[in-house]
Amino acid sequence: MSKFPPTFQPEQVLIAPSILSADFAQLGQELQRLEAAGADWVHVDVMDGMFVPNLTLGPPIIQALRPHSSLPFDVHLMIEQPDRYLADFRDAGADVITVHAEACPHLHRTLSEIRRLGCKAGVSLNPSTPVQVLENVLDQLDLVLVMSVNPGFGGQSFIPHSLHKLAQVKALIGDRPIHLEVDGGVTPQNAEAVRAAGANVLVAGSAVFKSADLSAAITALRR
Ligand code: DX5
Ligand code: ZN
């Protein structure tokens with residue numbers, strides 16, 4: 001099992017590389033490389049070909065990867081009707097399970113169920129989704145994931161309006177122990193701006209895996 005940090009320290013920046021950009025033919029070794037390079041979490045992008053126009057991986061692959069890393073698995077579900085699979089992702093070794101608000105008509109119930117299963121509960125918002133959907137579930141949340149691209153693919157450009165969105169979510173969160181994560185087009189060039197807007201967890205796919213030196217890429221994001 002992984003060691004999920006028991007304490008919440010918003011001032012500490014966490015780097016969560018997305019394995020969507022890793023070499024899928026050797027994911028086990030890629031996880032070991034990430035851990036050696038100083039990553040904090042492993043971001044796992046799950047796509048169902050329905051909620052987003054792409055397919056990736058599911059619980060069996062996450063379960064196979066679990067022994068290859070002691071880092072928390074931050075599982076981002078870009079799937080419709082995620083309630084059907086929450087227990088499977090928990091059993092596979094997910095530490096954080098993040099669902100999309102747009103895919104959850106009963107968001108309060110879904111988030112409560114994720115916690116009941118023993119995982120940290122996250123909710124993600126597409127770029128066009130207003131932050132107000134969070135207002136009535138703040139007490140059920142451990143993490144908010146602001147999408148800074150339209151989900152579905154790695155390697156897209158950061159949508160500048162996301163900085164405003166992050167600041168709005170940060171204001172809603174206030175002093176609550178809720179991680180604010182940003183995902184999509186995050187690079188060393190905009191890392192400082194997303195931090196300033198309130199994000200404390202930075203997801204990065206291309207910026208990490210397209211670099212020849214994973215450790216240098218992670219350090220550059222953290223600075
Ligand atoms: C997009 C995924 C992201 C993506 C990030 O749908 O949720 O996690 O892989 O990749 P980059 O950093 O390349 O935008
Ligand atoms: Zn993601």
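Colleague: Is L117 buried or exposed in this model?

Modeller: Keep in mind that we're looking at a predicted model. L117 sits in the loop between α4 (107–116) and β5. Anything under 20% relative accessible area counts as buried. L117 comes in at 9%, so the word for it is buried.

Colleague: And which residues is L117 in contact with, leaving aside its neighbours within four places in sequence?

Modeller: Let's look back along the chain first: D91 is 26 residues away from L117, yet their C-alpha atoms are separated by 9.2 Å. For contacts, we want heavy atoms within 4.5 Å. With the sequence neighbours set aside, that gives L86, A87 and R90.

Colleague: Moving on to β5, what is the bridge partner of V96 there?

Modeller: Start with the strands: β4 covers residues 96–100 and β5 covers residues 120–125. They pair in the parallel sense over 5 bridges. For V96, the partner in β5 is K120.

Colleague: Which strands stand at the edges of the sheet?

Modeller: The open sheet has 8 strands with parallel pairing, in the order β1-β8-β7-β6-β5-β4-β3-β2. A strand at the edge has a single partner, so one of its sides is left without a neighbour in the sheet.

Colleague: How many disulfides does the count come to?

Modeller: A disulfide needs two cysteine sulfur atoms within 2.5 Å. For C104, the nearest cysteine sulfur is that of C119, 15 Å away. Both C104 and C119 are buried, each at 6% relative accessibility. The count of disulfides comes to 0.

Notes
Residues numbered from 1 in each chain as written. Chains lettered and ligands numbered in written order. Predicted model: local features only at pLDDT ≥ 70, side-chain atom pairs only at ≥ 80, totals over all residues. Heavy atoms only, no water. Pairing = 2+ DSSP bridges. Helix = DSSP H or I, 4+ residues; strand = E, 2+ residues; numbered from the N terminus. Buried < 20%, exposed > 50% of the residue type's maximum accessible area, 1.4 Å probe, protein only.
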